[in-house]
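I opened this model to take notes on its folds and contacts. My entries follow, in the order of my reading.

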Amino acid sequence: MTSDPPEWAYAAALASLPLQTHRRLRLLITRGSPSDVWGKILHHKIVAPSLEPHVLQAWSTASSCLPRQMYERCMTIEAQVVSLHDAAYPSVLRADPDAPAVLFVRGNLDALEQRRVAIIGTRKATQAGRHFAASLGQQLSTLGVAVVSGLARGIDVHAHRGVERASNDGATGKAIAVVASGLDVVYPREHVQLWNWVASHGALISESPPGTSPEAFRFPLRNRILAGISEVVVVVESTEAGGSMITVREAEKRGVTVLAVPGSPTLHTSQGTNALLRDGCAPVTHVDDVLVALGLDTSHQHGFVDQRETPMGLCADVLGQLVGEPRTIDWLAICLGESVFAVAVALGRLEQSGWVTQTSGWWEALVAYSPS
Amino acid sequence: MYAAVKTAALLGAQGHPLVVEVHVGVGIPGFTVVGLPDESCRESRDRVRAALLSSELPWPNRRITVNLAGAGERKGGAAADLAIAVALLVAQDVLSQESIEAHAFLAELGLDGSLRTVAGAAPMVSAVAMHDVVVSPGNHAEALIASPRQLRAVDTLAHLVRCLRGDDAWPSITQIEEQEDVCVVADLAEVSGQAWARNALEVSATGMHHLLLVGPPGAGKSMLARRLPGILPALTHEDALASAMVFSAAGVESAGALRTSPPFRSPHHSASMVAMVGGGSSYMRPGEVSLASGGVLFLDEMGEFAPTVLDALRQPLEEGVIRLSRARHSLTMPAKFLLVGASNPCPCGDIRPGMCRCTDSDHRRYQRRFSGPLIDRFDLCVHVDRPSADALVHAGGGESTALVAARVLAARNRAVDRQGCPNALLLHDQLDIFAAITTQARALLHAELEKGILTGRGYHRIRRVARTLADLANDNDVDRDHVDIALRMRSALVRPHEAGSYR
């Protein structure tokens, strides 16, 4: 047999045991060094009295070459493995009562040294919401704040697209993504490019060993890590029963500040955020609101200027009607007493200068976000 | 013991002259029909025999052979019944060959000797229009469309024999006056609100631009589409004739009389390929695309149609005719229709941002039902929403059909005077001549193309729609505003998912 795999490979092996849960893993890791615990399991010794017999039964069938396999697997995808024993384990999570015992990381954990703001929200977001998330991500990154998110569809992915754009312009704020599946299981598939970008420009974190598929129960668990490493959580859009609300509850447990973006009361996607505001969360309408929550000085010029052409005349009226709620051309025409053609032309001008966007006949106003 | 009588057969929307030959000779008594008759044609033997006997006319108890000349082509239908009966009478010297020489006969026979109507009377009569054509009274209006040399409508075989012998005068034919708009199209004034969609209808009718209406259930998509024929310019005599021929051949609405109002066809989404494009039986029945020729083909719930049926529309959409090829024959039928599709925006129907309950994969799955090449052929894609309370109260009833139709006609005439065809039929290379755009407008289109929002095909379609908008506004030049409106009238079918419009 070749030389023994390093200690971290044993931690990875423990994490990939069958029937493993984050609680059992934590129990194992706190019982000694990973290699010791691994040896005990292989030799059917009692590691902890609270482990159920059927679990021990399942573990006893585990292959002795699992640490070696995990070692090679992690090396292939260039993943780093840190357990509670390691100095590299993020200090912010050490104090967490429900901290993951082992973390798989692609990229650099130094990103966690920056100020960290999570931008989260629903997968089925409105165009305006996606745009707001991207804009907020871009501005925070420009100000050197790391943006934490889950790389899900909708708000999550757009927050990081904003960071990506800012980074291309030389911004320093990193991207931190906490995902539910194994680091080599890209979900959803279409985000593979951004997934790799985050790994090279920040940190891509998961508590699941490589090869783990994105089962539904892993997402709420992922959310607790996301809340655990953030200083502020901004909910851009969420329904009242959305997954974002789990993150919010986890954040509240940990005393992390939760902020919410207000929206029209008639939209499903604003019901969650509006409920948060009603319950006393501070609103976010501008990046400064987030900076105040972080305790950062906002008096300095951060130089983010809206470069869009200022709408004049009918364009301004149309934009005024669109703020807050999506509208149709017919509605705008009646409301402004103009012909539909005049409104269509105005909308065309506004769309070209980046003020509005449309989804199947519904027009939404957008916040400033510098297009490429 | 031999006789030859003229009649006609139907293939597609066209009639073909046909000669019925009868030979009555010695042999075991029997009756054979040769010349590739189909089942309904072969059964004529029983009908003819019964009709002759009930009319107290002689039936030869000898060997009878009937040949539908043109032995290589398949014949269908019962329209040759009367010709066979008359030929038998000539062969028995009940009638003289001279008395029928100038006539052609087109009718089915009842067992009691009465003449029955047949499908396709108009095209068949036009095939033998140089003769005196005898039809049943029920077909006489249809037959007049083909304007034969002389039309005779007789109700029974016995009466026909008396007329041919000169014992009785031919029944007089009442000339039918050209009826204006037999079918009444619902008025556009009944649609309240929906200003945007109404304008799209107007543009569609003016330039013959294919229109896709997208909206939730109850938004009034069908209501709008059904009012489109009302604002279309009336058919030219030529188009009305072609349309009447197709209607007659298909056996629908045999009311007769030339209609100048454009036809409106809305087949159910369970329609088969043959029902849509035509063919099927031995005489190739015209399909919905041909029936809608000159008017509107409305596909409600377009996503529910079989994908193969929808894709079959692409060729007629390009060429304005449908070419059908079968083992024995190939033929061309008119298919110059204005396609109007209606669809829900997504499975849940409520596309409003933040309200839609569908996932992105639901959207993608729904979008896959429409083939890209077909969607690309729609010049206009307009979203229709349920009118809000404001719209219902403030907008009241809109303009009436008559008002809009007048504007459409004026704008259409401008286009036809300029280039000889509606704007949607402008060729690529004609665009710069007849639909030149200002520099500003060109820059705008260029920007859209660069952003990847517009495809090459889309670019030309936008320019044609912009031309129509300019015609409606009575502007000579196509400027930036027209292009802007045209762009808004061709918005994407389903919301852009993850990609986002600013990526």
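I began with the secondary structure of chain B, which comes to 23 helices and 18 strands. Helices (H or I, at least four residues) and strands (E, at least two) are DSSP runs, numbered from the N terminus. I noted that this is a predicted model, where local features need pLDDT of at least 70, side-chain atom pairs count only at pLDDT 80 or more, and totals for chains, interfaces and linings use all residues. Residues are numbered from 1 along each chain as its sequence is written, while chains are lettered from A and ligands numbered from 1 in the order in which they are written.

**Chain B overall.** I read off a box of roughly 90 × 45 × 45 Å for the C-alpha atoms, taken along the principal axes. Of the 503 residues in chain B, 49% are buried. A residue is buried if 20 or more other C-beta atoms lie within 10 Å of its own, exposed if 12 or fewer, and partly exposed in between, with C-beta atoms placed from the backbone. I then looked at contacts (C-beta atoms, placed from the backbone, within 7 Å). Among those in chain B between residues at least 6 apart in sequence, 75% join residues at least 24 apart.

**Domains of chain B.** I found domain 1 at 2-165 and domain 2 at 188-420; the bounds come from an automatic or database domain assignment. Their centres, taken over C-alpha atoms, are separated by 40 Å. The contact takes 18 residues from domain 1 and 21 residues from domain 2. On the domain 1 side, strand S1 (2-11), helix H5 (121-127) and helix H6 (140-145) of chain B each supply at least two residues. H6(B) has the largest share, four residues. I sorted that side into 10 nonpolar, five polar and three charged residues. Here Ala, Val, Leu, Ile, Met, Phe, Trp, Tyr, Cys and Pro count as nonpolar, Asp, Glu, Lys and Arg as charged, and the others, Gly among them, as polar.

**Helix H7 of chain B.** Which residues of H7(B) (157-165) are buried? I listed Leu157(B), Leu160(B), Val161(B) and Leu164(B). They sit on the same side of H7(B), because they cover an arc of only 100 degrees around the axis. The arc is that of the directions from the helix axis to the C-beta atoms. The partners of these buried residues include helix H2 (44-54), helix H3 (81-91) and strand S8 (132-135) of chain B. Gly166(B) follows H7(B), and its phi is positive, near 90 degrees.

**Val309 of chain B.** I placed Val309(B) in helix H14 (residues 307-311) of chain B. Val309(B) is buried, with 20 other C-beta atoms within 10 Å. Leaving out residues up to four places away in sequence, Val309(B) touches Ala271(B), Met273(B) and Met276(B). Met273(B) is 36 residues from Val309(B) in sequence, yet 5.0 Å away in space, C-alpha to C-alpha.

**Chain A against chain B.** I counted 35 residues from chain A and 35 residues from chain B in the contact. H16(A) gives the most to the chain A side, with seven residues. That side divides into 15 nonpolar, 14 polar and six charged residues.

Conventions
Two residues are in contact if their C-beta atoms, placed from the backbone, lie within 7 Å.
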